[in-house]
Amino acid sequence: MIELPETTVLADQIRKNLIGKQITNVQANTHPHKFAWYTGDPGNYPAMLTGKKITGSAAGAGSGCGYSTMILCEDTLLELGTPIRYYPKGSRLPAKHQLLLTFDDDSFISCTVKMWGALFCIPATAFPDDKKPSPLTDAFDERYFEQLCSASPKNLSLKALLATEQRIPGLGNGVLQDILWNAALHPKRSLLSLNDKEQLRLYQSIKETLKAMAEQGGRDTEKDLFGKAGGYPTVCSNTALSRPCPRCGGKLIRQSYLGGAIYFCPVCQPEPYKK
Ligand SMILES: [Zn+2]
């Protein structure tokens, strides 16, 4: 699933390549997907978007689903929680898509849902004012993270703290794994069990890991606007599972935990002490 580093990359590429292009054709819900979410009737999307120009793009937390790429089309906002692909004029259409926008130069972008994803289209004025700072900004500082931790239940595991309830916009179960590996903390460790040094390490890893992922074009498990895999080599992911732990050379482990997989190194990220 795309998360903050990837939506940051997508928004940047959209700003550099698509601003000024005028939308001439819109197809929404051509290939219905059980977990593709629209605002209202996707049949209204053509009337809301046709004739408008792309005027901006940003990574954002969105209206509650998180991990969205926002595309501003004059007075209308697309909030896309799916991969987005750009195709030059004459390219073949993807086999399946849940949103397709064609531009005045006959190039187009498509959105195809992987597991689930929001494809919202709303008046730009209806966009909720999100007060939670992105971890890629200076507003997400040590003090802010400290407050976030003290406001959270102490028995939460680190996976639950970081990747549930949208406490941190765009931080989900994907980027979580490398953040915890870099911090040398097991995903099942509880917030309560962290000493000051470990909590600081966690904060630093959130900042540094996400920054590195965004700067390197996203994770190697995800693709950018042009279909190119990101340059950030994940350590703890399905893709990287067969590689040894870069720190100790040991074998990485995959487990099911809290409705999804966790990946960790049992040596570098020791399991919490069990009574
Ligand atoms: Zn290791």
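Trainee: Why is Thr234 called buried?

Mentor: Let's set the count against the cut-off. This is a predicted model, and in it Thr234 has 22 other C-beta atoms within 10 Å. A residue is buried if 20 or more lie within that distance, so Thr234 is called buried.

Trainee: Where is the place of Thr234?

Mentor: Thr234 sits in the loop between α6 and β10 (253-256).

Trainee: Which residues is Thr234 in contact with, leaving aside its neighbours within four places in sequence?

Mentor: Its partners are Asp178, Arg219, Asp220, Thr221, Thr239 and Ala240. To be listed as a contact, the two C-beta atoms, placed from the backbone, must lie within 7 Å. Phe140, by comparison, is 94 residues from Thr234 in sequence and 23 Å from Thr234 in space, C-alpha to C-alpha.

Trainee: On to the strands. How do you know that β1 and β7 pair?

Mentor: Count the bridges: five join β1 (residues 23-28) to β7 (residues 99-103). At least two are needed for a pair, so these strands qualify, and they run antiparallel. Asn25, for instance, has Thr102 of β7 opposite.

Trainee: What is the bridge partner of Arg85 in β8?

Mentor: Ser110 again. Here β6 and β8 pair in the antiparallel sense, over four bridges.

Trainee: What makes β1 and β6 the edge strands?

Mentor: Follow the order of the open sheet, β1-β7-β8-β6, which is antiparallel in its pairing. β1 and β6 each pair on one side only, and that makes them the edges. On average, neighbouring strands of this sheet are turned by 15° against each other, direction ignored.

Trainee: Now the helices. At what angle do α1 and α6 pack, and is their crossing left-handed or right-handed?

Mentor: Helix α1 (residues 4-17) packs against helix α6 (residues 196-215) at about 35°, with the axes 8 Å apart. The crossing is right-handed: that label applies if the near helix is turned clockwise from the far one by less than a right angle. Leu4, Pro5, Thr8 and Val9 of α1 meet Leu210, Met213 and Ala214 of α6.

Trainee: How many residues in the contact of α1 with α6 are nonpolar, polar and charged?

Mentor: Six are nonpolar, one is polar and none is charged.

Trainee: How is the chain divided into domains?

Mentor: Domain 1 covers 4-126 and domain 2 covers 142-264. Their C-alpha centres lie 28 Å apart. Domain 1 brings 17 residues to the contact and domain 2 brings 20.

Trainee: Which element gives the most to the side of domain 1 that touches domain 2?

Mentor: α1 does, with nine residues. Both α1 and β6 (84-87) supply at least two residues of that side.

Trainee: And what is the make-up of that side by class?

Mentor: The side of domain 1 that touches domain 2 has eleven nonpolar, four polar and two charged residues.

Technical notes: Residues are numbered from 1 along each chain as its sequence is written. This is a predicted model: local features need pLDDT of at least 70, side-chain atom pairs count only at pLDDT 80 or more; totals for chains, interfaces and linings use all residues. Axes are lines fitted to C-alpha atoms, for helices over the stretch in contact, and angles run from 0 to 180 degrees between N-to-C directions. Ala, Val, Leu, Ile, Met, Phe, Trp, Tyr, Cys and Pro count as nonpolar, Asp, Glu, Lys and Arg as charged, and the others, Gly among them, as polar. Domain bounds come from an automatic or database domain assignment. A residue is buried if 20 or more other C-beta atoms lie within 10 Å of its own, exposed if 12 or fewer, and partly exposed in between; C-beta atoms are placed from the backbone.
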